[in-house]
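Please look at the sequence and the 3D structure shown here before reading on. The report is meant to be read with both in view.

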4 protein chains.
Amino acid sequence: MANLKIPVGVLGATGMVGQQYITLLNDHPWFEVRYLAASPRSAGKKYTEAVAGRWHLIKTYAPHVGELMVYDASDINSAVAAFKKGECSFVFSAVEMNSKDETKALEEAYAAAGIPVISNDSAHRWTPDVPMLIAEVNHEHTDIIPIQKKARGWDRGFIAVKPNCSIQSYMKPVHALAQAGYPAQRIIVSTMQAVSGAGYPGVPSLDMIDNLVPYIGGEEEKTEKEPLKIFGAIDNGIIKNVEKPLISAHCNRVPVTDGHSACVSLEFAGKKPASMEEIKAIWAAYKGLPQEADLPFAPKQPIIYREENNRPQPRKDRDADKAMAVSIGRLRPCNVFDIRFFALSHNTVRGAAGGGILNAELLKHKGYIT
Amino acid sequence: MANLKIPVGVLGATGMVGQQYITLLNDHPWFEVRYLAASPRSAGKKYTEAVAGRWHLIKTYAPHVGELMVYDASDINSAVAAFKKGECSFVFSAVEMNSKDETKALEEAYAAAGIPVISNDSAHRWTPDVPMLIAEVNHEHTDIIPIQKKARGWDRGFIAVKPNCSIQSYMKPVHALAQAGYPAQRIIVSTMQAVSGAGYPGVPSLDMIDNLVPYIGGEEEKTEKEPLKIFGAIDNGIIKNVEKPLISAHCNRVPVTDGHSACVSLEFAGKKPASMEEIKAIWAAYKGLPQEADLPFAPKQPIIYREENNRPQPRKDRDADKAMAVSIGRLRPCNVFDIRFFALSHNTVRGAAGGGILNAELLKHKGYIT
Amino acid sequence: MANLKIPVGVLGATGMVGQQYITLLNDHPWFEVRYLAASPRSAGKKYTEAVAGRWHLIKTYAPHVGELMVYDASDINSAVAAFKKGECSFVFSAVEMNSKDETKALEEAYAAAGIPVISNDSAHRWTPDVPMLIAEVNHEHTDIIPIQKKARGWDRGFIAVKPNCSIQSYMKPVHALAQAGYPAQRIIVSTMQAVSGAGYPGVPSLDMIDNLVPYIGGEEEKTEKEPLKIFGAIDNGIIKNVEKPLISAHCNRVPVTDGHSACVSLEFAGKKPASMEEIKAIWAAYKGLPQEADLPFAPKQPIIYREENNRPQPRKDRDADKAMAVSIGRLRPCNVFDIRFFALSHNTVRGAAGGGILNAELLKHKGYIT
Amino acid sequence: MANLKIPVGVLGATGMVGQQYITLLNDHPWFEVRYLAASPRSAGKKYTEAVAGRWHLIKTYAPHVGELMVYDASDINSAVAAFKKGECSFVFSAVEMNSKDETKALEEAYAAAGIPVISNDSAHRWTPDVPMLIAEVNHEHTDIIPIQKKARGWDRGFIAVKPNCSIQSYMKPVHALAQAGYPAQRIIVSTMQAVSGAGYPGVPSLDMIDNLVPYIGGEEEKTEKEPLKIFGAIDNGIIKNVEKPLISAHCNRVPVTDGHSACVSLEFAGKKPASMEEIKAIWAAYKGLPQEADLPFAPKQPIIYREENNRPQPRKDRDADKAMAVSIGRLRPCNVFDIRFFALSHNTVRGAAGGGILNAELLKHKGYIT
């Protein structure tokens with residue numbers, strides 16, 4: 001019997017996020033990596049050669065992927081040819097271009113050529129008709145896709161993106177509370193972010209031994225603004241941002257390999273939950289479409305609350321439920337706002353490639369990719 | 001010529017804070033360690049034997065200290081005898097008793113016996129007639145000492161304490177603003193605290209490799225409440241706490257040896273500074289009595305502002321100005337409150353033994369110790 | 001249908017190695033944890049209560065184990081009762097007694113009571129009729145068990161132990177070469193050992209941030225002597241040690257959570273391999289009884305050779321093949337001896353509980369446990 | 001009165017070793033930095049601008065250095081002009097060229113122009129008439145300088161270099177033993193080297209959190225061969241290498257900021273010391289010309305032996321005696337060779353810029369630089 005999995009391409013296949021995509025897609029029940037593209041430097045090589053000496057993950061790629069030829073990501077024709085041969089139904093984009101404008105243009109070119117793009121890049125996050133998806137939180141934003149296609153004259157292709165890794169740990173808890181009738185008005189958050197978020201070679205070890213760095217370029221702005229689009233609604237052909245919650249972020253780099261942490265103080269906009277126990281019950285009951293549809297990468301329990309007072313911790317909890325769940329702890333009243341808590345999520349899985357794969361599963365479930 | 005330095009005792013001389021006191025007092029221009037006391041286990045030994053295999057600092061003690069006999073800290077008579085022999089004019093207390101009540105009682109016994117106690121312990125921080133001093137911030141609180149002595153019938157002895165290490169990095173910046181007419185109303189702070197704060201053996205390495213711990217027992221309460229006494233005023237024979245600023249703290253342990261960091265968001269109570277530049281100018285101009293009196297351990301510049309966007313950092317900046325200055329960076333408007341910034345201070349020097357020594361210098365300057 | 005797995009007890013069930021045993025035995029195809037014993041402090045509690053706040057592993061225990069009552073490990077009668085009820089066919093011993101003599105006596109008491117003991121402890125490693133097993137290297141030493149039983153008048157019980165974690169990474173490569181006709185004469189080895197080897201709390205973080213410690217108590221002696229028994233032969237009712245290879249060890253503690261590394265320089269006793277390629281071929285072909293019998297915990301490839309010049313590395317390679325394989329790299333001629341190489345194995349899995357489980361599988365395979 | 005210090009230039013002034021030179025020369029009693037050169041990118045800028053955002057040391061440069069103009073290191077004329085103005089009597093070379101041949105040529109050009117070059121680079125280490133100096137070990141090799149000058153037709157200029165940082169910790173102990181009549185025949189050494197050895201950005205933090213790397217390119221070769229020149233003698237116009245000791249090195253990168261460690265097993269060539277105590281006495285008595293001449297950067301005690309069984313340690317001992325002493329511990333008989341011990345030295349001070357400065361002091365003492 002022929003291979004019935006949907007053939008997938010990975011753009012930026014040799015980079016760290018590309019490697020993560022390829023590894024996480026080993027044995028995926030729906031998708032199979034069949035097309036790879038990267039920079040001209042890698043083009044024309046077998047994948048196993050292209051990543052020789054540059055493989056930075058603990059897990060490795062499937063043998064058949066090692067044998068694939070790497071194409072030049074800017075060569076759309078190759079991708080179209082692969083599509084026609086049934087080797088590339090859609091692409092995960094983890095390209096690293098010189099500018100955001102180049103990335104935008106490249107992703108649009110794939111979409112225009114009929115190949116849907118599920119992107120990790122920040123280039124199209126603020127394009128008003130491009131959905132920025134956290135599958136449990138705003139799956140309704142996929143409704144913008146037909147509008148996007150129509151406006152741009154694309155038939156099969158489209159672009160969908162995911163937000164920054166720094167916000168993943170607390171967006172679901174905040175969303176769960178909002179859904180239960182307790183939207184947030186103001187949030188002050190300090191993050192302690194893992195070095196893998198900066199890729200490889202990324203953060204020098206001289207900065208991370210007996211040290212931390214109180215700055216990550218561009219991260220605070222993303223942390224503050226992206227939730228406003230995610231919590232927004234489709235209105236008149238675009239996704240219209242909300243104005244609340246107002247967020248203030250302090251983003252720090254700490255000596256942790258994987259797992260972004262956040263210390264969150266939150267003020268509710270109106271009604272307040274009766275107790276900490278009510279909030280924990282809301283989080284425990286929280287499910288989204290990924291759980292209802294039983295998507296392969298969906299964590300069974302999207303929000304795991306830990307009662308120990310010193311948990312979650314990055315090394316012990318980042319891998320919870322395939323590294324796709326967020327772990328929360330230390331919920332307590334805030335002296336200044338209403339509540340405070342500590343949140344953790346795996347930045348390169350839930351916050352990057354794993355989140356992208358879950359988005360692709362969502363889009364397949366809804367019929368946008370086939 | 002005879003030794004004209006004031007002879008000093010150290011209680012808890014073998015512990016980590018005791019070691020720090022002894023090391024920092026090497027070559028002190030005013031004080032000389034002449035009396036040591038610790039647990040019964042160490043009593044009767046020469047100091048060099050008592051700390052053999054238990055010395056955890058990089059610097060070492062002065063040769064004459066190694067030759068001193070260690071006494072039992074609970075044996076007040078030995079201390080009194082040393083006082084009479086001119087070997088112990090006052091003591092730094094870094095005892096580690098089984099309970100706060102025992103510590104309280106012990107420190108009171110020394111004071112009652114005529115020996116002033118400058119303590120690092122938290123036991124007496126909330127005793128209403130005991131000053132909790134940060135020398136630049138509330139030196140006026142030493143005015144409680146005559147009241148304390150009189151109320152308790154002590155002639156020469158008294159007790160003065162210092163606050164917790166976690167608040168040192170941002171108390172001076174907040175005080176500087178208050179002095180300039182911009183008191184804070186609300187503060188949300190996340191700390192990233194060094195492992196030396198937990199002593200030795202302290203935090204297990206299995207918790208600090210590729211990890212952080214979002215909890216330090218008792219630390220958040222201290223961080224939130226101690227400033228209210230420090231900013232208070234003497235009223236009717238006690239130090240009366242203020243009610244503002246309201247503080248909410250998230251305290252985390254991170255893999256850093258020395259140097260507590262804090263991410264601070266602050267809302268002013270009334271009038272706001274005109275600009276970030278005005279705030280920096282206030283901080284640059286900030287001086288206290290330690291600077292005016294040119295006390296030996298006073299940092300020349302109590303608040304060092306760094307313009308680089310990724311500084312201060314613990315490893316690079318904790319030792320600024322004998323590890324007695326606080327370093328601040330990343331001052332910027334807060335999306336939610338008025339301003340936010342990052343603050344760093346050395347927890348075992350400025351935040352512990354060095355701060356205690358500066359307090360002793362202040363008390364000598366004012367004539368309370370002789 | 002009744003549970004057909006062999007019921008297993010764990011002595012020292014609440015300690016770090018005990019936790020590791022219990023976790024690794026989740027879903028074991030042959031064995032099931034049904035009996036737990038620990039110190040009197042834990043006795044009488046459900047396991048889930050006994051380890052509350054003391055669970056230090058990333059993985060957790062099976063739900064049914066959490067419900068088990070913990071017994072006092074020194075209470076042999078409880079174990080015998082459990083044996084009679086079909087709940088404890090043999091025990092893994094990870095007890096932490098005050099002295100090696102106590103451990104010896106306790107393990108002998110279990111064996112005398114008819115309960116085989118597979119021990120992690122060093123107490124019986126030098127008992128001449130107790131086999132010290134690395135399943136691939138010296139499985140023939142199990143032939144001492146009938147002799148041991150007879151000499152001591154035990155019918156069903158016996159004691160078998162495993163060697164120290166520090167030697168696991170290079171014993172198999174050295175054994176493979178000896179089997180191929182190239183026994184070693186002299187070895188100089190420097191180890192860089194993970195902090196998990198010291199248990200929890202174990203190594204203080206102040207010793208492991210920006211630091212390493214060039215000493216681990218007792219480790220060098222074990223590293224040098226244990227191979228001499230493992231390479232020995234049964235002779236006249238005891239395991240007689242060999243005299244070669246002569247080993248000199250430098251054991252260091254480094255800031256790594258799991259995975260012991262070794263830098264090995266080796267001189268052959270007689271004939272030398274023709275080339276580095278011949279050695280790699282020997283290692284690649286190396287299999288032992290665990291592989292032939294397809295034991296559940298046996299790594300498929302006991303020795304994994306990595307061609308990259310900067311591998312293996314602890315974080316990337318310690319988990320190879322269920323953390324049961326050793327990884328080798330950098331084989332090259334030695335300027336002083338014949339060859340040198342770098343070796344890595346997972347100290348708490350292959351080097352501790354996983355190695356113990358593999359030994360139990362071997363003993364079941366041979367009919368010693370049922 | 002005019003400045004009577006010798007004016008010094010630093011080539012590669014903006015790099016990490018260059019920064020280290022400049023910082024260590026703050027307040028040097030003999031030398032003053034007056035001339036700076038670096039890559040064309042920095043040329044024409046004030047030093048303070050050239051290093052803005054690129055300053056990686058804890059200490060900072062002297063104010064007058066910040067005001068110096070940076071020249072292009074390949075522009076020899078500028079250096080000559082500075083020499084004529086009395087601003088550059090000799091240079092420390094820490095250039096980072098594209099190839100060793102370029103570095104060689106550049107350093108020769110300075111020497112030919114009359115400017116002595118004290119180099120950190122490896123380019124000229126194997127040039128037979130260039131001395132590779134460890135000031136305590138082979139100061140007699142400076143006798144090659146007149147030969148070097150004559151052969152090349154240089155009048156005032158010459159080149160002297162220092163060896164690799166990896167060998168610093170054990171060369172002096174080995175030399176001390178040789179001087180006392182106990183030369184080494186064979187050495188097997190495993191190093192654990194700090195990340196600062198790779199400069200900045202250098203080693204990625206993803207490789208150094210919960211990890212180590214068993215390979216440093218080119219390091220083992222240098223470690224094995226450089227001692228053979230250092231222990232050599234001038235013979236017929238060149239420095240002739242010795243053949244012994246034969247050295248085999250395993251070089252590892254570990255998560256330590258500063259301080260290279262070495263585990264050394266050593267076999268004597270002939271006569272052996274009577275006891276470990278004799279060896280310690282030899283090390284304690286060891287002095288070289290730097291100590292006899294009381295050179296400013298000379299450690300008072302070049303070899304510090306620590307009796308504690310877990311010392312030296314990088315964080316605690318690297319800074320011993322201005323970070324210029326080596327610290328040794330754990331001397332004990334070797335099971336395979338004669339003795340073994342653990343050695344530590346500060347790689348960027350003793351092993352790089354500090355060692356270079358000490359060499360310059362030696363050369364001034366001998367009249368080669370004025």
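## The model and its confidence

This is a predicted model, in which local features need pLDDT of at least 70 and side-chain atom pairs count only at pLDDT 80 or more, while totals for chains, interfaces and linings use all residues. Residues are numbered from 1 along each chain as its sequence is written, and chains are lettered from A and ligands numbered from 1 in the order in which they are written.

For chain A the mean pLDDT is 96, and 99% of its residues reach 70 or more; pLDDT is the predictor's confidence in each residue, on a scale from 0 to 100. The model scores ipTM 0.95 and pTM 0.96.

## Two domains in chain A

Chain A is divided into domain 1 (6–164 + 353–365) and domain 2 (166–345), with bounds that come from an automatic or database domain assignment. The C-alpha centres of domain 1 and domain 2 of chain A lie 25 Å apart. Their contact takes 32 residues from domain 1 of chain A and 28 residues from domain 2 of chain A, where two residues are in contact if their C-beta atoms, placed from the backbone, lie within 7 Å.

On the side of domain 1 of chain A that touches domain 2 of chain A, the elements giving two or more residues are helix 6 (144–152) and helix 13 (349–365) of chain A. Helices (H or I, at least four residues) and strands (E, at least two) are DSSP runs, numbered from the N terminus. The largest share of this side, seven residues, comes from helix 13 of chain A.

## A sheet in chain C

In chain C, six strands form an open sheet in the order 10-7-11-14-13-12, with mixed pairing; two strands pair if DSSP finds at least two bridges between them. The edge strands, each of which pairs on one side only, are strand 10 (246–253) and strand 12 (303–306) of chain C. From one strand to the next, the twist averages 25°. Strand 11 (residues 260–268) and strand 14 (residues 339–345) of chain C run antiparallel and are joined by seven bridges, and Ser261(C) stands opposite Leu344(C) in strand 14 of chain C.

Helix 9 (residues 276–285) of chain C lies across strand 12, strand 13 and strand 14 of chain C, running at about 165° to strand 13 of chain C. Axes are lines fitted to C-alpha atoms, for helices over the stretch in contact, and angles run from 0 to 180 degrees between N-to-C directions.

## How the chains meet

Between chain A and chain B, 36 residues of chain A are in contact with 36 residues of chain B. Strand 10 of chain A gives the most to the side of chain A that touches chain B, with five residues. Chain A can be laid on chain B with an RMSD of 0.0 Å by a turn of 180° and a shift of 0.0 Å along the axis, and the two copies are thus related as by a two-fold rotation axis. In chain A, the C-alpha nearest the axis is that of Ser190(A), 3.2 Å from it. Copies are superposed by least squares on the C-alpha atoms of residues with pLDDT of at least 70 in both.

For chain C and chain B, 16 residues of chain C are in contact with 16 residues of chain B. Because 100% of the interface residues of chain C are also interface residues in chain B, the copies meet through the same surface.
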